[in-house]
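Here is a short tour of a protein with a ligand. Please have the viewer open as you read along.

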Amino acid sequence: MSTVTVSSAAREQRVTARSVGRAKRRDQRLVMLTAYDFCFARIFDTAGIDLLLVGDSLGNVVQGEDTTLPVTLEEVIYHTRMVVRGAKRALVVADMPFGSYHVSPEDATRNAIRLVKEGGAQAVKLEGGAFMVEVIEHIVRAQIPVMGHVGLTPQSIHQMGGYRVQGRGEAGRLQVMDDARAVQEAGAFACVLEGIPADLAAEVSAELAIPTIGIGAGAGCDGQVLVLHDLLGLNDWTPSFAKQYAGLGALTAKAARAFADEVRNEKFPDEAHSYR
Ligand code: KIV
């Protein structure tokens, strides 16, 4: 695998669902981060991140919920609009929240269209394998690129009995492989592999023609995704599979304490920060 990103040949060219597929054929790693607002979308876009995912993880990291289940379609549309304004090059993928694609393929497609039409998303992501084939096919027929998501699917928390690593044991491995194949066959342009053993993720990635993007799935995927709060150390804790690349939580608290201290000691605002 080369470490050249999808952007290196033509830095300013917009990333598309098609160019994401090309990246795999050229053996180029894909980089995806979650983003929920204009500010971070602009920073990540400028930094050359290939895909921005408006993840339903916003339920956890932005809204403070215990699960992603309460997130609504309206909320994802709202956040997607902000991210789209900050993304000049990155492909913006909007997560379909729980309940927005489970009723029927028609309802799912209607909701995917809203994410594109009202949110400005360029692709949507949804969780589930073989049992989501019809839904994926229906959305793809509406000309909307779909990213699959198999393995540990957080919206299935109640069915899984917690956030458990998937794909362990022979039956589990077969299930994940079948799900990934089904998602590809249904027309998805890429697939997130979450919370599965690294060797299985490598096998799935070698088997599929479409790129896999891993989170807690080891180094054998075609790309990697992290939640921005984990990347930047903005949460109280970081999952073991995620790497903290900055400690912005501690830095932010330090800045807030310094500000409070200066206000209380009447040092801010000083002359330099006042109008004459
Ligand atoms: O919602 C999200 O952030 C996700 C990623 C973890 C892939 O689905």
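**Layout and ligand site**

The protein is split into domain 1 (9-245) and domain 2 (248-276), with bounds taken from an automatic or database domain assignment. Between the C-alpha centres of domain 1 and domain 2 there is a distance of 39 Å. This is a predicted model, where local features need pLDDT of at least 70, side-chain atom pairs count only at pLDDT 80 or more, and totals for chains, interfaces and linings use all residues. Residues are numbered from 1 along each chain as its sequence is written, and side-chain values use heavy atoms, leaving out hydrogens and water.

*Around the ligand*

*Polar contacts (N or O pairs within 3.5 Å)*

- The side chain of Ser57 places an N or O atom 2.6 Å from a ligand oxygen.
- For Lys125, a side-chain N or O atom is 2.9 Å from an oxygen atom of the ligand.
- Asp95 has a polar side-chain atom 3.1 Å from a ligand oxygen.
- The protein buries 95% of the 260 Å² that the ligand exposes when taken alone, using Shrake-Rupley areas with a 1.4 Å probe.

*Backbone details*

- Phe268 and Pro269 are joined by a cis peptide bond, with omega of about 0 degrees.
- Pro269 belongs to the segment that follows α11 (248-264).
- Asp27 is not a glycine, yet its phi is positive, about 65 degrees.
- The loop between α1 (17-25) and β1 (30-34) holds Asp27; helices (H or I, at least four residues) and strands (E, at least two) are DSSP runs, numbered from the N terminus.

Definitions and conventions
Polar contact = N/O pair within 3.5 Å; in protein donor to acceptor, adjacent residues only side chain to side chain.
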